[in-house]
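Hello,

Here is the structure I promised to pass on to you. Please have a look at it first, and then read on for what was found in it.

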Amino acid sequence: MTRNPLDILFVGGSGVISAASVTRAVAQGHRVTVLNRGRSTTRPLPGDVEQLTADASDHDAVDAALAGRDFDVVAQFRAFSPEHVARDVDRFTGRTGQYVFVSSASAYQTPPARLPVTEATPLRNPFWQYSRDKIAGEDVLVRAHREDAFPATVVRPSHTYDRTLLPTTGGWTDVARMRAGRPVVVHGDGTSLWTLTHTEDFAVGFVGLLGHPLAIGDAFQVMGTHAPTWDQVYTWLGEAAGVPDPEIVHVASETIARVLPDVGDGLLGDKAHSMVFDCSHLTALVPEFRPTVTYDVGAQEQIAWFDAHPEAQQVDTALDAAFDRLVEHARSLPAAP
């Protein structure tokens, strides 16, 4: 359903998740303003978009850029702390009809006690500070709505990707290893289910919530039902890269986290567990939300993009060496009886 034209501010707007939503909002006739640093050339903004330049974390610069401006909707993609959200509540009170906070599905109970996950699933992630900060941001909005009727909507995406963001632990390093005939490391036993959502599918659900009166004061998870195993994700990526049967070596998530602490929190606090979702709460308001892009297609799109952009084919040599150590460790373990 297309709503009456809205004045929408996107804070962010050029990222993996947000860019397709900006494009869809413009296509539906909304008047779109984007506030960001203006540095992205990977995802250019549509020509009809008004661009304001400021770092979203520089509150004085944001206040200056938005001085005297009101919006029907503010879509906040760049708030990662409760302090930032609280500043937004002060900034936009009386200046917007809806404030949409992009939280994260990683805020849900981890590991989940039962599947599928719904909006009623408890919010608790003891593994990942990023997720706890998103939960705290949501708490700010719950209080602001309850006590002062601040028009908040919370959106929780899961793993959303576009042509530029490979979903595997090593990104392009994994593709380079596959193409060189070397093994890739997959956490756990490779059978956990992981929901992957193409950014253009996400945009249908997200933009459908903008300006919707029944979305105020509520939370919605926005993701598809497509949940392949991690072995399938790596296999599809290999097939798209011309390696139809990549060698996969399974390593315990806890071991990977010890060897690669930079990815450990996100692995133990998110990807190590099966995550599938029930989005009926969203589709009750946005019936046109029917994700169609599965990752076997998404992987082909990604490899085509990377092959056309050799400058993006960056191999992380430290990560590559760590994968070799993990493979050696896995092969040294006694075989299961």
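Strand E6 is covered on both of its faces: Ala152, Val154 and Arg156 are buried on one side, and Thr153, Val155 and Pro157 are buried on the other. The strand spans residues 152-157, and six of its six residues are buried. Please keep in mind throughout that this is a predicted model.

Where does E6 sit? It belongs to an open sheet of seven strands, paired in parallel, with the order E3-E2-E1-E4-E5-E6-E10. The edges of that sheet are strand E3 (50-53) and strand E10 (218-222), and each has a single partner strand, so one side of each is left without a neighbour in the sheet. On average, neighbouring strands here are turned by 20° against each other, direction ignored.

E5 and E6 run parallel and are joined by four bridges, and Phe101 has Val154 in E6 as its bridge partner. Val154 is also one of the buried residues of E6. Elsewhere in the sheet, strand E1 (residues 7-11) and strand E2 (residues 31-36) run parallel and are joined by five bridges. There, Phe10 stands opposite Val34 in E2.

Helix H3 (residues 82-92) lies across E1, strand E4 (73-76) and strand E5 (99-102), and it runs at about 170° to E5.

Next, please turn to helix H7, which covers residues 230-240. Which of its residues are buried? They are Trp230, Val233, Tyr234, Trp236, Leu237 and Gly238. The cover over the buried residues of H7 includes helix H5, strand E8 (184-187), strand E9 (196-198), strand E11 (248-251), helix H9 (261-271) and helix H11.

Two of those helices can be described further. Two packed helices are described by the angle between their axes and the distance between the axes. H7 and helix H11 (residues 295-308) pack at an angle of about 45°, and their axes are 8 Å apart. The two helices are therefore oblique to each other, and H7 passes H11 in a right-handed crossing. On the H7 side, Val233, Trp236, Leu237 and Ala240 take part, and they meet Tyr295, Asp296, Ala299, Gln300, Gln302 and Ile303 of H11. Of the residues in this contact, seven are nonpolar, two are polar and one is charged.

The other partner is helix H5 (residues 172-179), whose axis comes within 10 Å of that of H7 and crosses it at roughly 65°. This crossing is right-handed. Asp174, Val175 and Met178 of H5 make the contact with Tyr234, Leu237 and Gly238 of H7. Those residues divide into four nonpolar, one polar and one charged. After H7 comes Gly242, which has a positive phi, near 90°.

The C-alpha atoms of Asp58 and His84 are separated by 10.0 Å, and the two residues are 26 residues apart along the chain.

Best wishes

Note on methods
Residues numbered from 1 in each chain as written. Predicted model: local features only at pLDDT ≥ 70, side-chain atom pairs only at ≥ 80, totals over all residues. Heavy atoms only, no water. Pairing = 2+ DSSP bridges. Axes fitted to C-alpha atoms, helices over the stretch in contact; angles between N-to-C directions. Contact = heavy atoms within 4.5 Å. Parallel < 35°, antiparallel > 145°, perpendicular 65-115°, else oblique. Left-handed = near helix turned anticlockwise from the far one by under 90°. Nonpolar A, V, L, I, M, F, W, Y, C, P; charged D, E, K, R; others polar. Buried < 20%, exposed > 50% of the residue type's maximum accessible area, 1.4 Å probe, protein only.
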